[in-house]
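This report describes the fold, the sheet, the core and the ligand shell of the protein shown below.

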Amino acid sequence: MKKVLTIAGSDSCGGAGIQADLKTFSAHLVYGMSVVTSVTAQNTQGVFGALDMPRDFIELQIKVVFEDIKVDAVKIGMLSSSEIIKTVSQSLKKYGAINVVLDPVMISKSGFKLLKYEAIETLIQDLIPVCTIITPNIHEASLLADMEIKNINEMKEACQRIHKLGAKNVLVKGGHLDDDAIDVLFDGKEFYYFKGQRINTINTHGTGCTLSSAIASNLALGYPVPDAIKNSKEYIQRAIENSFSIGHGVGPVDHLY
Ligand code: PLP
């Protein structure tokens with residue numbers, strides 16, 4: 001069985017973060033493992049607090065997993081500070097991690113800052129060059145590429161700028177733009193387009209986490225990057241179609257439709 005590691009934050013209500021990642025791994029029939037970087041207190045209505053794990057302990061979690069187990073892919077989610085980003089990038093380099101998917105998580109849908117603003121530079125310098133693919137949404141892509149993004153041409157330009165920062169593959173997700181939900185992939189040579197159907201639901205908590213862990217699962221299973229994204233888009237589409245309400249706010253997607 002392929003083994004996939006998530007390095008990310010915990011979501012107490014189970015819709016996003018580590019919990020979404022592990023559910024996604026199971027749905028892809030890969031074995032899921034987790035290194036917790038931060039513990040958040042959250043429900044469907046918002047994030048009420050976040051407690052970072054000590055840097056040494058994040059390092060230790062990564063070390064003992066890699067020293068014992070062959071890791072077929074890694075998904076990186078919430079890393080809240082420069083210190084944590086550096087710890088993770090140094091460890092991934094040390095253990096020669098492959099198939100690294102970086103979801104550059106910055107802010108929750110409810111508006112809680114999951115990454116300190118000043119850490120964006122460290123993400124660019126230290127982590128982007130280590131990853132196989134980065135999956136920013138429009139907001140994250142505009143901060144990384146340092147430009148406004150309002151349409152597909154600007155999405156393409158942002159892909160190229162982020163590729164220049166050292167990301168081998170860049171997937172800019174168009175879900176937050178007004179028109180069709182098109183995602184654009186740039187692999188340094190070609191652009192690929194992935195169109196999704198817009199689904200009328202408020203229950204979209206954890207969609208970014210789910211997509212990136214689906215991509216990591218597909219890479220572990222041996223799919224090339226464009227196929228991994230195509231499969232993952234189909235998965236997230238069905239997961240959103242089957243999303244449901246569990247509390248008073250934004251509910252989760254269904255991993256086991
Ligand atoms: N909590 C954690 C730990 C996350 O990693 C993320 C996103 O990556 C979120 C919350 C935000 O999820 P959403 O914006 O889908 O509500």
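A residue is termed buried if 20 or more other C-beta atoms lie within 10 Å of its own, exposed if 12 or fewer, and partly exposed in between, with C-beta atoms placed from the backbone. The structure is a predicted model, in which local features need pLDDT of at least 70 and side-chain atom pairs count only at pLDDT 80 or more, while totals for chains, interfaces and linings use all residues. Residues are numbered from 1 along each chain as its sequence is written.

Helices (H or I, at least four residues) and strands (E, at least two) are DSSP runs, numbered from the N terminus. Leu29, in the loop between helix H1 (17-27) and E2, has a positive phi of about 60° although it is not a glycine. Leu29 is exposed, with 10 other C-beta atoms within 10 Å. Asp146 likewise has a positive phi of about 60° without being a glycine. Asp146 lies in the loop between helix H5 (138-145) and helix H6 (152-164), and is exposed, with 10 other C-beta atoms within 10 Å.

## Overall fold

The protein has eight helices and nine strands. Its radius of gyration, 17 Å, is close to the 18 Å that the globule rule gives for 257 residues, so the protein is as compact as a globular protein of that length. Here the radius is taken over C-alpha atoms, and the rule is 2.2 Å times the number of residues to the power 0.38. Along the principal axes, the C-alpha trace spans about 45 × 45 × 40 Å.

Buried residues account for 50% of the 257 residues. Two residues are in contact if their C-beta atoms, placed from the backbone, lie within 7 Å. Among contacts between residues at least 6 apart in sequence, 68% join residues at least 24 apart.

## The sheet

Two strands pair if DSSP finds at least two bridges between them. Nine strands form an open sheet of mixed pairing, in the order E3-E2-E1-E4-E5-E6-E7-E8-E9. Strand E3 (46-52) and strand E9 (191-196) stand at the edges, each with a single partner strand, so one side of each is left without a neighbour in the sheet.

E1 and strand E4 (residues 73-76) pair in the parallel sense over four bridges, with Ile7 opposite Ile76 in E4. Strand E6 (residues 133-134) is parallel to E7 over two bridges, and Ile134 has Val170 as its bridge partner in E7. E7 and strand E8 (residues 181-186) are antiparallel over three bridges, where Val172 is partnered by Val184 in E8. Both faces of strand E7 (residues 169-172) are covered: Asn169 and Leu171 on one side, and Val170 and Val172 on the other, are all buried.

## The nonpolar core

A nonpolar core is a set of buried Ala, Val, Leu, Ile, Met, Phe, Trp, Tyr and Cys residues joined through C-beta atoms within 7 Å. The largest has 66 residues, of which Val74, Val101 and Cys131 touch the most other members. Helix H8 (residues 225-241) gives the most to this core, with seven residues. Not counting residues up to four places away in sequence, Val101 touches residues including Val74, Cys131, Ile133 and Leu219.

## The ligand shell

Of the 19 residues around the ligand, Gly9, Ala16, Gly17, Ser108 and Lys109 come nearest; a residue is near if its C-beta atom, placed from the backbone, lies within 6 Å. Strand E1 (3-11), strand E2 (31-43) and helix H7 (207-220) are the elements that give two or more residues to this shell.
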